Amino acid sequence: MRLALSTWPEVEAYLETSKGIIVPIGSMEQHGPNGLIATDAICAEEIALATGTAHGVLVGPTITLGVAQFNLDFPGTVTLRAETLMAVIRDYVRSLVRHGFERVFFLNGHGGNIAPANAAFQDLYADASFRADRAGASPLRCRLRSWWEYEGANTLRHDLYGEDEGLHATPSEVAITQAAYPDAIKRVEMAKPARLSPGYYRDFGGDRHYDAVHHRHWFPDGRIGSDPSLATPEAGRRLLEILVPDVIADYEAFLAEDTP
Ligand code: NI
């Protein structure tokens with residue numbers, strides 16, 4: 001069930017049965033020679049919609065822009081500052097709270113969003129925590145889960161692609177976009193990627209990159225240790241299939257958490 005394709009009476013009726021919603025959040029940035037600019041947003045949206053459709057969960061509009069300043073030296077990348085994304089998340093969540101939503105589950109497709117999203121959640125909780133009357137405790141809870149955190153999907157990624165999975169413009173994420181948009185599949189020849197050192201993962205994992213000129217200097221074609229030419233729509237469908245039961249179990253546990 002998509003919020004964007006629902007009417008207000010339908011949303012009102014949904015709120016009689018559930019206070020939870022899944023919100024896909026991604027990025028609009030280069031994804032190597034054959035990856036679509038919206039790869040991270042498409043992955044988050046496809047996983048969220050597959051889960052929402054299978055289990056009757058409302059899926060909010062995708063936050064398609066994320067924090068991707070480090071990719072601005074590649075044409076097509078559109079970024080928000082961290083503070084702008086935090087403001088977008090706060091206003092999005094406050095709008096939902098106004099209608100009675102209490103559990104907002106962000107399904108994330110982009111490492112650069114993790115720190116600002118979690119910081120925005122802390123600011124939202126602070127609105128309640130700064131109140132002197134404990135009776136005014138807010139029922140709001142937010143969670144951000146990146147799809148590669150699920151063990152099943154992560155194992156499949158590494159079974160399918162091994163070290164060629166890399167860190168960015170991965171064959172797995174490109175595969176999910178190919179399953180979603182078969183008419184937009186791009187075939188591009190590319191050399192094997194340079195291997196990343198353990199120190200690279202330690203220092204730059206989760207998109208903790210320097211500025212855009214540095215980033216393109218180090219990764220001239222936009223890939224970070226990956227070979228996205230290995231992506232297939234079949235692999236994308238397998239990833240989506242394996243993700244849905246894990247996402248719904250995680251979401252339902254989030255809804256069922258104990259409250260004060
Ligand atoms: Ni990505």
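Helices here are DSSP runs of H or I with at least four residues, and strands are DSSP runs of E with at least two, both numbered from the N terminus. The model is predicted, so local features need pLDDT of at least 70 and side-chain atom pairs count only at pLDDT 80 or more, while totals for chains, interfaces and linings use all residues. Residues are numbered from 1 along each chain as its sequence is written, and side-chain values use heavy atoms, with hydrogens and water left out.

Strand 1 covers residues 20-25, and six of its six residues are buried (under 20% relative accessible area, with exposed over 50% and partly exposed in between; 1.4 Å probe, protein chains only). Strand 1 is therefore largely enclosed by the rest of the structure. Gly 20, Ile 22 and Pro 24 point one way from the strand, Ile 21, Val 23 and Ile 25 point the other way, and all are buried.

Strand 1 pairs with strand 2 (residues 103-108); two strands pair if DSSP finds at least two bridges between them. Six bridges join these two strands, which run parallel. In this pairing, Ile 25 stands opposite Asn 108 of strand 2.

Two loop residues have backbone angles to note. Ala 169 sits in the loop between helix 5 (151-161) and helix 6 (171-180). Although Ala 169 is not a glycine, its phi is positive, at about 55 degrees. Ala 169 counts as buried because its relative accessibility is 0%.

Asp 207 belongs to the loop between helix 7 (198-204) and helix 8 (212-218). Asp 207 is not a glycine either, yet has a positive phi of about 60 degrees. With a relative accessible area of 18%, Asp 207 is buried.
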